[in-house]
Amino acid sequence: MLKNKIDKIIELKETMIRGKEREIEDLTLEIKRIVLNINVTEETIHKSHNGLAVAPMKGSDFSVLRDHLSYLEKRKDRL
C-alpha cells in the first residue's frame with residue numbers, strides 16, 4: 001500500500017517535471033522569436049538610415065522616412 005502511494009507520488013513529480021520542461025522549451029522558443037524580430041527590425045532601421053545618406057530627397061519623402069524610422073524604433077522598444 002505504501003509502495004503504491006510512493007510510486008504515485010514519483011509519477012506525479014515526473015509528470016510535473018515534464019510539464020515544466022515543456023514550458024521552458026516554449027518560453028525559449030518565444031525568446032528566440034522575439035530576438036529574431038528585434039534583429040529584423042534593427043536591420044530594417046539600418047537599411048533605412050543608409051537610404052538617407054545615398055540620395056537627396058524631397059521634404060515629404062524625408063518626413064515619411066522619418067516617421068517610418070520612428071515607428072520601427074518604437075516597435076523595437078516594444079519587442
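Predicted model: local features only at pLDDT ≥ 70, side-chain atom pairs only at ≥ 80, totals over all residues.
1. Residue I34 is located in helix α1 (helices are DSSP runs of H or I with at least four residues, strands are runs of E with at least two, and both are numbered from the N terminus). With a relative accessibility of 26%, I34 counts as partly exposed (buried is under 20% relative accessible area, exposed is over 50%, and partly exposed is in between, with a 1.4 Å probe and protein chains only).

2. Residues are numbered from 1 along each chain as its sequence is written, and side-chain values use heavy atoms, with hydrogens and water left out.

3. What secondary structure does the chain have? The chain contains 2 helices and 0 strands. Its radius of gyration, taken over C-alpha atoms, is 25 Å, well over the 12 Å that the globule rule gives for 79 residues, so the chain is more spread out than a compact globule (the rule is 2.2 Å times the number of residues to the power 0.38). The C-alpha trace spans about 85 × 15 × 10 Å along its principal axes.

4. Buried residues account for 9% of the 79 residues. The chain exposes about 6900 Å², and 61% of this is supplied by carbon and sulfur atoms (areas come from the Shrake-Rupley method with a 1.4 Å probe; for residues, only the protein chains shown count as cover).

5. Two residue pairs illustrate the layout. I34 and L72 are 38 residues apart in sequence, and their C-alpha atoms are 14 Å apart in space. K8 and D61 are 53 residues apart in sequence, with 69 Å from C-alpha to C-alpha. K8 lies in helix α1 and is exposed, at a relative accessible area of 61%.

6. L2, I6 and I10 make a nonpolar surface patch of about 290 Å² (patches are made of residues with over 30% relative accessible area and no salt bridge; nonpolar side chains, namely Val, Leu, Ile, Met, Phe, Trp and Tyr, are joined within 5 Å, and like charges within 9 Å). I10 belongs to helix α1, which covers residues 2-54, and is partly exposed at 43% relative accessible area.

7. How are the charges arranged? There are 16 positive and 14 negative side chains, and the centres of the two sets lie 3 Å apart (Lys and Arg count as positive, Asp and Glu as negative, and His and the chain ends are not counted; each charge is placed at NZ of Lys, CZ of Arg, CG of Asp or CD of Glu).

8. The structure holds 4 salt bridges (a side-chain nitrogen of Lys or Arg within 4 Å of a carboxyl oxygen of Asp or Glu). One of them joins R33 and E30, at 2.5 Å from N to O. R33 and E30 are 3 residues apart in helix α1, a separation of about one helical turn. R33 is partly exposed at 43% relative accessibility, and E30 is partly exposed at 36%.

9. E23 forms a salt bridge with K20, their closest N and O atoms being 4.0 Å apart. E23 and K20 are likewise 3 residues apart in helix α1, or about one helical turn, and E23 is partly exposed at 44%.

10. A further salt bridge links D67 and R66, at 3.9 Å from N to O. D67 counts as partly exposed at 45% relative accessibility, and R66 is partly exposed at 47%.
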